Amino acid sequence: MSDHGFRHVGDRRVHQGYVWHVVVAEFEVPDGSTFERDIVRSPGAVGVVPIIFDPEGQPSVVLVRQYRPPYERAIIEIPAGMRDVEGEPAEETGRRELIEEAGLRATEMVHLIDMYPSPGMTDSVCSIFMATGCEPVAHDRHGPEEESMELLHVPLDDALAMIDRGEIADAKSVCGLLTAHRRLTAQG
């Protein structure tokens, strides 16, 4: 993969948050000139598509509806969270978030995709897994948004229709649901 001669020169931190920070990053182009971009530096995130099969083998998915302050409304998403435990493998973060948000423990986690949620503003990478063999466990929710979140258990085909209708528009959730469907269809 080519970088087309671009080179990262350095970062000047302008904000330090709890998990992420904002920098003004300087880059050099092939002709030697430089430019700056504001970038949110992030440890990344993990999303999990928890699949539960009914007795006939039809897949359903557990989603969460939670209030998202930037949009000032509730958003339907797959369970997910920041990689805020240093050194924790992405799969382990996914297992932890699945318990915290959905109250589910998975026997199997399959990596589906690593996606770039907003490459124009952040270096964040979201690793998405499909969880199967899910068993109920106690929730371990954190913060006011998670404490008031709602769980939705819907057939996978209905979740895909929700994407088509614009009811699920969150990037990680769209990527995860479509990729999980493709994976399950290929296995079937």
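Modeller: Buried means under 20% relative accessible area, exposed over 50%, and partly exposed in between (1.4 Å probe, protein chains only). This is a predicted model, in which local features need pLDDT of at least 70, side-chain atom pairs count only at pLDDT 80 or more, and totals for chains, interfaces and linings use all residues. Residues are numbered from 1 along each chain as its sequence is written, and side-chain values use heavy atoms, without hydrogens and water.

Biologist: Is Phe35 buried, exposed or partly exposed?

Modeller: The relative accessibility of Phe35 is 24%. Phe35 therefore counts as partly exposed.

Biologist: What kind of pair do Phe6 and Phe35 form?

Modeller: Rings of Phe, Tyr and Trp (its six-membered ring) pair if their centres lie within 6.5 Å; planes under 30 degrees apart are stacked, over 60 edge-to-face, and the rest tilted. Here the centres are 6.0 Å apart and the planes stand at 85 degrees, so the pair is edge-to-face.

Biologist: How many residues apart are Phe6 and Phe35?

Modeller: Helices (H or I, at least four residues) and strands (E, at least two) are DSSP runs, numbered from the N terminus. Phe6 lies in the segment before strand E1 (7-16), and Phe35 belongs to strand E3 (residues 34-41). The pair links distant parts of the chain, with a separation of 29 residues.

Biologist: What kind of pair do Phe27 and Phe35 form?

Modeller: Phe27 has a relative accessible area of 17% and is therefore buried. The ring centres of Phe27 and Phe35 are 5.5 Å apart, and their planes lie at 20 degrees, so the pair is stacked.

Biologist: Which residues do ring pairs link into a cluster?

Modeller: The whole structure holds two aromatic pairs. Ring pairs build a cluster from Phe6, Phe27 and Phe35.
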